[in-house]
Amino acid sequence: MRINVLVAEIGSTTTVVNAFSGIYDGCPTFVGQGQAPTSVGEGDVNIGLRTAIRDLSESLKVSDIEYDELMSTSSAAGGLKMTVHGLVYDMTVRAAKEAALGAGANLHMITAGKMRRTDLNKLKEINPNIILIAGGVDYGERDTAIHNAELIRGLKLDIPVIYAGNIENQEEIREIFKDTHTKLYIVDNVYPKIDQLNIEPTRKVIQEVFEEHIIHAPGMGKVREMVNGPIIPTPGAVMLSAKLLKEEVGDVLVLDVGGATTDVHSVTEGSDEVNRILVSPEPISKRTVEGDLGVYVNSKNIVDRIGLDNLASKLDIRTDELTNLVENHKPIPVSNLEKRFVEELTLEAVVTAVKRHAGKFRDLYGPNGKKTIAEGKDLTNIRYIVGTGGALTRLPNREDIMKSIALSNKGNELLPNKEAKILVDNNYIMASLGVLSEKYPEAAIKLLKDSLKIK
């Protein structure tokens with residue numbers, strides 16, 4: 001069987017392949033999906049990739065799968081590990097962090113100000129895929145970024161460095177890393193002026209650097225032998241789909257509840273009313289990742305948040321039955337009780353993660369009386385809430401879970417309102433369509449609307 005484009009999602013534990021045809025003639029269709037355990041531990045993810053393709057052929061009842069193009073997203077080998085080093089946490093550091101997270105990175109270290117010996121020791125221990133240096137508005141403070149760059153150069157790490165700080169430092173940074181093994185990338189400042197973010201150039205370069213250097217990650221050495229298209233970090237691919245959808249239908253919030261984390265992606269400018277009282281700028285496209293809100297690996301964290309007695313009451317079972325359920329929790333729920341259990345975990349993860357992602361109104365009191373300000377990301381203009389990932393595409397009450405976001409608002413939170421429509425990525429292909437959109441945006445949006453059942 002001949003497929004136009006095959007997109008592989010190479011995860012830490014599972015590799016999924018999605019097959020698409022009709023890409024070249026304007027009539028794209030989702031053909032099917034195959035999966036297999038990821039073979040990072042065997043030192044070659046191609047083994048898992050080939051096994052997933054065989055699984056696809058078996059599910060389609062064909063003897064062989066041939067394809068014109070193979071693209072990939074990857075979160076294997078720890079995903080895209082990054083460290084960010086800026087000047088002031090609430091300004092350049094936050095801007096650099098937004099750029100990194102939006103590109104799909106997992107942030108393992110963030111520093112503000114001049115780095116210390118202990119910071120350098122931690123940096124060596126983390127051994128990230130990319131180091132991002134920022135600091136200073138354009139034509140502003142220069143010394144901190146130069147100081148940090150010189151210290152990082154002294155570590156003699158063979159790790160790509162992106163500089164996205166004060167443009168006055170660009171030549172100096174080039175001099176610092178000249179004649180070293182470090183591959184240096186110079187990008188426009190992520191925070192060029194006070195209260196102005198410019199994160200898209202950095203976000204784009206992060207994904208380019210990831211694609212160039214992912215083959216050096218453990219288990220990824222042979223990935224280029226099969227993949228002849230782009231390779232993008234999986235969360236970054238979901239963000240690309242979210243941005244594509246925003247251009248088509250309006251402001252969106254995308255939720256991905258996984259076994260280890262819950263990711264929230266929003267693409268919205270917010271309301272004019274809130275923007276007038278917003279105390280610091282927020283990016284149009286924002287991603288947050290909650291590492292304590294996974295419904296499998298971190299399920300006990302969520303159980304603790306809900307409370308054992310409270311959760312037992314919700315499920316109408318005894319506490320000892322719930323304890324047994326928690327101890328024997330499976331990656332994929334089978335029985336009705338297991339599904340109800342995971343739904344309660346997912347509900348807590350969704351509401352908590354969105355509230356952490358969103359901003360709030362706050363009242364300040366001064367000589368002239370009360371003044372209301374807004375802090376953080378404004379989600380009040382969101383038109384669509386989209387569920388992707390295993391939990392929000394497979395659980396029976398997934399739509400009710402997402403509707404609970406608006407109902408949870410205590411009045412001071414910048415959450416979506418009750419009019420926001422709920423959509424489900426029924427084919428679980430949002431990440432794959434993000435990478436597909438890099439080359440075939442029109443096909444990607446058609447396939448995305450089909451999966452979300454948007455006419």
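Me: How do the residues lining the second largest pocket divide among nonpolar, polar and charged?

Reply: They divide into four nonpolar, four polar and eleven charged, where Asp, Glu, Lys and Arg count as charged, Ala, Val, Leu, Ile, Met, Phe, Trp, Tyr, Cys and Pro as nonpolar, and the others, Gly among them, as polar. This is a predicted model, in which local features need pLDDT of at least 70 and side-chain atom pairs count only at pLDDT 80 or more, while totals for chains, interfaces and linings use all residues. Residues are numbered from 1 along each chain as its sequence is written, and side-chain values use heavy atoms, with hydrogens and water left out.

Me: Which residues of that lining lie nearest the centre of the second largest pocket, and which helix gives the most to the lining?

Reply: Of the 19 lining residues, Arg94, Lys97, Glu98, Glu282 and Lys286 lie nearest the centre. Helix H2 (89-102), strand S13 (285-290) and helix H13 (336-357) each supply at least two lining residues, and H2 gives the most, with six residues.

Me: Why is serine 21 called buried?

Reply: Serine 21, which is found in strand S2, has a relative accessible area of 16%; buried means under 20%, exposed over 50% and partly exposed in between, with a 1.4 Å probe and protein chains only, so serine 21 is buried. Leaving aside its neighbours within four places in sequence, serine 21 is in contact (heavy atoms within 4.5 Å) with Arg2, Ile3, Asn4, Cys27, Pro28, Thr29 and Val31.

Me: What puts the buried residues of helix H12 on the same side?

Reply: The buried residues of H12 (residues 319-327) are Leu322, Leu325 and Val326. They cover an arc of only 100° around the axis, and therefore lie on the same side of H12, the arc being that of the directions from the helix axis to the C-beta atoms. The buried residues of H12 pack against helix H10 (299-306), helix H11 (308-315) and H13.

Me: Which residues touch the most other members of the largest nonpolar core?

Reply: Of its 41 residues, Val17, Met82, Ile162 and Ile206 touch the most other members, and helix H1 (45-59) gives the most to this core, with five residues. A nonpolar core is a set of buried Ala, Val, Leu, Ile, Met, Phe, Trp, Tyr and Cys residues joined through side-chain atoms within 4.5 Å. Leaving aside neighbours within four places in sequence, isoleucine 206 is in contact with Leu80, Met82, Ala99, Ala100, Ala103, Ile130 and Ile162. Apart from this core lies another, of 37 residues, among them Phe341, Ala358, Ala391 and Ile401.

Conventions:
On a 1 Å grid over the protein atoms alone, a cavity is a set of points where a 1.4 Å probe fits but cannot get out, and a pocket is an open set with protein on both sides within 12 Å along at least five of seven lines; lining residues have an atom within 4 Å of a point. Helices (H or I, at least four residues) and strands (E, at least two) are DSSP runs, numbered from the N terminus.
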